[in-house]
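Please view the sequence and the model together while reading.

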Amino acid sequence: MNIDLSGKTALVTGSTAGIGHAIAKGLAGSGASVVINGRGQDKVDAAVRKLEGTGTKVRGIAADVSTAAGCKALVAALPEVDILINNAGIFEPKDFFDIPDEDWSRFFEVNVMSGVRLSRAYMKGMLKRNWGRIVFISSESGLNIPVEMIHYGMSKTAQLSVARGLAQLTRGTAVTVNSVLPGPTMSEGVETFVKDLAKQNGQSVDEAAANFVKQHRPSSLLQRFASVDEIANMVVYVASKQASATNGAALRAEGGIVNTIA
Ligand code: NAD
């Protein structure tokens, strides 16, 4: 299968690092014209430079997608996209009894409202042009709610609900809206977390990573962290023209942690 996205413009939110950057690289490698997004101009410029030489047009727009003003500025700079990847997201382990209201709101704004606002801005154009792809980067934590960060789980389940609801609006068109559910993935954010864990426990980073999966995700069939490219491969496929019959789906790339068939 040859995935060819030439002629399509893709926006990947939160793509200066981690899973988002790998998705941007994958889409650019498939011929799409890619827009990198992050909050700071310096990081955005550096992320664009990293993708130079992939053979396609890559540019960057700095905007904080967790705010209405940030989304508005982003849409003003980029009025139309064919592929929207709602990837920007935050996580932080915290005991339920210590999570203040502000954290619940912040998780909802960053992880859910960013995708809601950008879908509202871009989806009508996709429907009018009769082609488009929206992908929400949710998580296995949207199904298996992690007790160490219930607010994160809530935000990831909410994304599944929004994605499925939006898919209902695409009936009879060539627009699709899906979610992808990664499991533990070695992104920059997670690498920092694992390095801290290794230091705390006097282990090597590899040992800490292996122990984390065994201890905290014992049902994992993969028994290791996924790489960011393993997640990006699934996302690039869902964004492709070939994935035209996949719509309203929650697609798992979580190494088999969730012990159900569908
Ligand atoms: P990361 O922390 O490595 O990278 C996140 C990116 O988002 C960074 O570029 C950061 O600058 C950007 N970002 C954060 N807040 C932003 C904002 N308000 N506006 C614009 N950009 C912003 O994260 P990651 O691990 O690659 O996670 C990416 C997505 O994948 C998240 O939605 C996360 O919930 C999901 N996910 C990650 C894992 C994992 O184990 N890494 C597992 C399941 C799901």
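## Overall form

The structure is a predicted model. Its protein chain contains 8 helices and 7 strands. Along the principal axes, the C-alpha atoms of the chain occupy a box of roughly 55 × 40 × 40 Å.

The protein chain has a radius of gyration of 18 Å, which agrees with the value near 18 Å for a compact globule because that value applies to 262 residues.

## Interior and contacts

Of the 262 residues in the protein chain, 48% are buried. Among contacts with a separation of 6 or more, 71% join residues 24 or more positions apart.

## Surface and charge

The chain carries 27 positive and 24 negative side chains. A distance of 10 Å separates the centres of these two sets.

Strand E7 spans residues 250-253. Its covered face holds Leu251 and Ala253, whereas Ala250 and Arg252 lie on the uncovered face. In a regular strand, side chains alternate between the two faces of the sheet.

Strand E6, residues 175-182, pairs with E7 in the parallel sense, and the pairing runs over 4 bridges. Proline 182 has alanine 253 of E7 as its bridge partner. Ala253 also belongs to the covered face of E7.

Note on methods. Residues are numbered from 1 along each chain as its sequence is written. This is a predicted model: local features need pLDDT of at least 70, side-chain atom pairs count only at pLDDT 80 or more; totals for chains, interfaces and linings use all residues. Side-chain values use heavy atoms; hydrogens and water are left out. Helices (H or I, at least four residues) and strands (E, at least two) are DSSP runs, numbered from the N terminus. The radius of gyration is taken over C-alpha atoms; the globule rule is 2.2 Å times the number of residues to the power 0.38. Buried means under 20% relative accessible area, exposed over 50%, partly exposed in between (1.4 Å probe, protein chains only). Contact means heavy atoms within 4.5 Å. Lys and Arg count as positive and Asp and Glu as negative; His and the chain ends are not counted. The place of a charge is taken as NZ of Lys, CZ of Arg, CG of Asp or CD of Glu. Two strands pair if DSSP finds at least two bridges between them.
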